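Keep the viewer open while you read.

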Number of protein chains: 2
Amino acid sequence: MTAESATAEPARTGRRPGQSGTREAILNAARVRFGEVGFDKASIRSIAAEAGVDSALVHHYFGTKQELFVAVVQLPMDPRIVLQAIAAAPLDNLGEHLLRTVVGAWDSPAGIGILAAFRSVIGGGDTTLFRTFMLEVVLKDVRERVDNPKGSGQKRIALVASQMIGLLTVRKVIEIEPIASMSVDELVELVAPTVQRYLTGDLP
Amino acid sequence: MTAESATAEPARTGRRPGQSGTREAILNAARVRFGEVGFDKASIRSIAAEAGVDSALVHHYFGTKQELFVAVVQLPMDPRIVLQAIAAAPLDNLGEHLLRTVVGAWDSPAGIGILAAFRSVIGGGDTTLFRTFMLEVVLKDVRERVDNPKGSGQKRIALVASQMIGLLTVRKVIEIEPIASMSVDELVELVAPTVQRYLTGDLP
């Protein structure tokens, strides 16, 4: 691909542009900044400065900061597809929707990549980046929706993360039966009450 | 250590004996058999045959089959200490006891070793052995106690495993707050209802 065709592309697709050296420099700078100061405090401006490029070029190659983060963690699928499905769910039914959408993603063809990324993180990878990804990309909107009483949102989503991550591990990594072979419907029926309690139940 | 002093030791401590070649041969044979046919079907006799030694020597070095298994998975602590505490708990309170005992083990000095073993398994280690360990050593007695209605025990402990493993990951590996820094008491209060429902609640 030439630099010209890269420029002709819409910026928000985040596809590989021609100037792969620049793209790599931005990715490396983003990895450093996100790792050092976290997602919120890492500005596009500071990442651009670290990479020695203009902020506009970062936006051109990667779109938003969230999209840049997704590129840094090299996800096998765009989490926004999952997130849109979750955002549309009513609050009193959010546990079931969250579970059905996320388990559906694990069971999809992209699931192999998700699993590989997860195993690599737990096996000794960058847990800071993974934590940031979970909190600032996957669970950020949910946290704001379930922050009731005020200040409980972070505790709620940490609990949800504990159940979801454990389910991923048991279903896909350690493969404990019957969870490993169970249909999504059955799994959702069993675990949704837990996730819903963490999201909206009375917590001590 | 000489062979003589090893013989003088009580067999059940499982300490390193003088004839470390034999000990290693037994461990290797056990690793192969447990991995191939699982904990239940791997007899001491078949492990001894595979190692080219007498069964009595296996018992002398390692004690029971469960103790041999613990030696194979190289646990940093003896899981029977944890299991005894859990066995003493009444059924209607088992979730809280299980959680308190297991989180206590993670938070103890031995927790670093538990965590390292866990991360190594998830990162690409022997998941078959880990699954066997979870099902045949850690959760076997619990499964029998919660098998009500008959046949539901395996589903119940798989669900418990999903919550416990996820909690370990969030508290100790990814370190998502407030779970990472929460007191054991607070964590138990939040999560015990989940574990108790999985153990004894009405499941679909």
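Which residue follows α5(A), and what is its phi? The residue is Q74(A), and its phi is positive, near 50°.

A word on the ground rules first. This is a predicted model, in which local features need pLDDT of at least 70, side-chain atom pairs count only at pLDDT 80 or more, and totals for chains, interfaces and linings use all residues. Residues are numbered from 1 along each chain as its sequence is written, chains are lettered from A and ligands numbered from 1 in the order in which they are written, and side-chain values use heavy atoms, with hydrogens and water left out.

**Chain A and its covered helix**

Chain A has twelve helices and zero strands (helices are DSSP runs of H or I with at least four residues, strands are E runs of at least two, and both are numbered from the N terminus). Of its 204 residues, 48% count as buried, where buried means under 20% relative accessible area, exposed means over 50%, and partly exposed is in between, using a 1.4 Å probe and protein chains only.

Two cis peptide bonds are worth a click. One runs from N148(A) to P149(A), with omega near 0°, and P149(A) sits in the loop between α10 (140-145) and α11 (153-173) of chain A. Another joins E177(A) and P178(A), with omega about 5°; P178(A) belongs to the loop between α11 and α12 (184-200) of chain A. E175(A) is found in the loop between α11 and α12 of chain A, and has a positive phi of about 55° although it is not a glycine. Its relative accessible area is 41%, so E175(A) is partly exposed. Over in chain B, E175(B) also has a positive phi of about 55°, and at 42% relative accessibility it counts as partly exposed.

**Salt bridges**

A salt bridge here puts a side-chain nitrogen of Lys or Arg within 4 Å of a carboxyl oxygen of Asp or Glu. The whole structure has 14 of them over all chains, including these:

| Pair | N to O distance |
|---|---|
| K172(A) and D107(A) | 2.9 Å |
| E144(A) and K140(A) | 3.9 Å |
| E96(B) and R100(B) | 3.4 Å |
| K155(A) and E186(B) | 3.9 Å |

E144(A) and K140(A) are separated by about one helical turn because they are four residues apart in helix α10 of chain A.

**Where the chains meet**

K155(A) and E186(B) bridge the two chains, and the count between chain B and chain A is two salt bridges. The contact takes 41 residues from chain B and 41 residues from chain A. Together the chains bury about 3400 Å², 68% of it on carbon and sulfur atoms; buried area is the accessible area (1.4 Å probe) that two parts lose on being put together, summed over both. In chain B, I122(B), I174(B) and L190(B) lose the most area to chain A, together 19% of what that side buries.

**The nonpolar core**

In soluble globular proteins, nonpolar side chains tend to be buried together. A nonpolar core is a set of buried Ala, Val, Leu, Ile, Met, Phe, Trp, Tyr and Cys residues joined through side-chain atoms within 4.5 Å. The largest one here has 90 residues, of which L99(A), V191(A), L99(B) and V191(B) touch the most other members. Apart from it lies another core, of 22 residues, among them I26(B), A30(B), A42(B) and V58(B).

Technical notes:
Contact means heavy atoms within 4.5 Å.
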